[in-house]
Amino acid sequence: VQLQASGGGLVQAGGSLRLSCAASIRTFMGWFRRAPGREREFVAAINLAGDRAYYADSVKGRFNISRDNARNTVSLQMNSLKPEDTAVYYCAARYDLSGDYHYPREYNYWGQGTLVTVSS
């Protein structure tokens, strides 16, 4: 199983970035991030069909997760970025849907991460 995240970069506050995750599997997918000195935290997730999306309160209304199952990609459109969004962003995949999708331990596979830096 391979997950390849891309799309990170440097952007000014208020700007936008679009992250993509190319996956070799189709399953429930999530995005997490890890800021310097902080633990990995949930950002967004999407079910296999792509008709249910879940967001952390901190990004709700600014970020949008979507997927293209024909291309096996999951995207995270990030708008109105803030300096506190600065982090390494990871995509992740999980098979067992019984646990809470908010927790990293519920995910089976992880991408390598892509750095997002938001300047003030």
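1. The open sheet. Four strands make up an open sheet, in the order S1-S3-S8-S7 and with antiparallel pairing. Strands here are DSSP runs of E with at least two residues, numbered from the N terminus, and two strands pair if DSSP finds at least two bridges between them. The edges are strand S1 (3-6) and strand S7 (63-68), each of which pairs on one side only. From one strand to the next the twist averages 15°, where axes are lines fitted to C-alpha atoms and angles run from 0 to 180 degrees between N-to-C directions.

2. Basis of the description. The model is a predicted one, in which local features need pLDDT of at least 70 and side-chain atom pairs count only at pLDDT 80 or more, while totals for chains, interfaces and linings use all residues. Residues are numbered from 1 along each chain as its sequence is written, and side-chain values use heavy atoms, with hydrogens and water left out.

3. Pairing of S1 with S3. Strand S3 covers residues 17-23 and pairs with S1 in the antiparallel sense over 4 bridges. Within this pairing, Ala5 stands opposite Cys21, and Ser6 stands opposite Ser20.

4. Pairing around S8. S8 is joined to S3 by 6 bridges in the antiparallel sense, with Ser20 opposite Ser75. S7 and S8 also run antiparallel and are joined by 6 bridges; there, Asp68 stands opposite Thr73. The hairpin of S7 and S8 has 4 residues between the strands, and in it Asn72 takes a positive phi near 55°.

5. Burial of S8. Of the 6 residues of S8, 5 are buried, so the strand is largely enclosed by the rest of the structure. Buried means under 20% relative accessible area, exposed over 50% and partly exposed in between, with a 1.4 Å probe and protein chains only. Ser75, found in strand S8, is buried at a relative accessible area of 9%. Leaving aside neighbours within four places in sequence, Ser75 is in contact (heavy atoms within 4.5 Å) with Arg18, Leu19, Ser20, Trp31, Asn64, Ile65 and Ser66.

6. Leu17. What is the relative accessible area of Leu17? Leu17 is buried, with a value of 15%. Not counting residues up to four places away in sequence, Leu17 touches Gly7, Gly8, Gly9, Val11, Leu76, Gln77, Met78, Leu81 and Val116. Leu17 and Ser80 lie 63 residues apart in sequence and 9.3 Å apart in space, C-alpha to C-alpha.

7. The nonpolar core. In soluble globular proteins, nonpolar side chains tend to be buried together. The largest nonpolar core here has 36 residues, and those with the most contacts inside it are Trp31, Leu76, Met78 and Tyr89. Such a core is a set of buried Ala, Val, Leu, Ile, Met, Phe, Trp, Tyr and Cys residues joined through side-chain atoms within 4.5 Å. At least two residues of this core come from each of S1, S3, strand S4 (28-34), strand S5 (41-46), S7, strand S8 (73-78), strand S9 (87-94) and strand S11 (114-119). Leu76 touches, among others and not counting residues up to four places away in sequence, Leu17, Leu19, Trp31, Val43, Phe63, Ile65 and Tyr89.

8. The disulfide. A disulfide is a covalent bond between the sulfur atoms of two cysteines. With the criterion of a pair of cysteine sulfur atoms within 2.5 Å, the count comes to 1 disulfide. Which cysteines form the disulfide? They are Cys21 and Cys91, with sulfur atoms 2.2 Å apart. The link is right-handed, with 65° about the S-S bond. Cys21 lies in strand S3 and Cys91 in strand S9, so the pair ties together parts that are 70 residues apart in sequence. Cys21 counts as buried at 1% relative accessibility, and Cys91 is buried with a relative accessible area of 1%.
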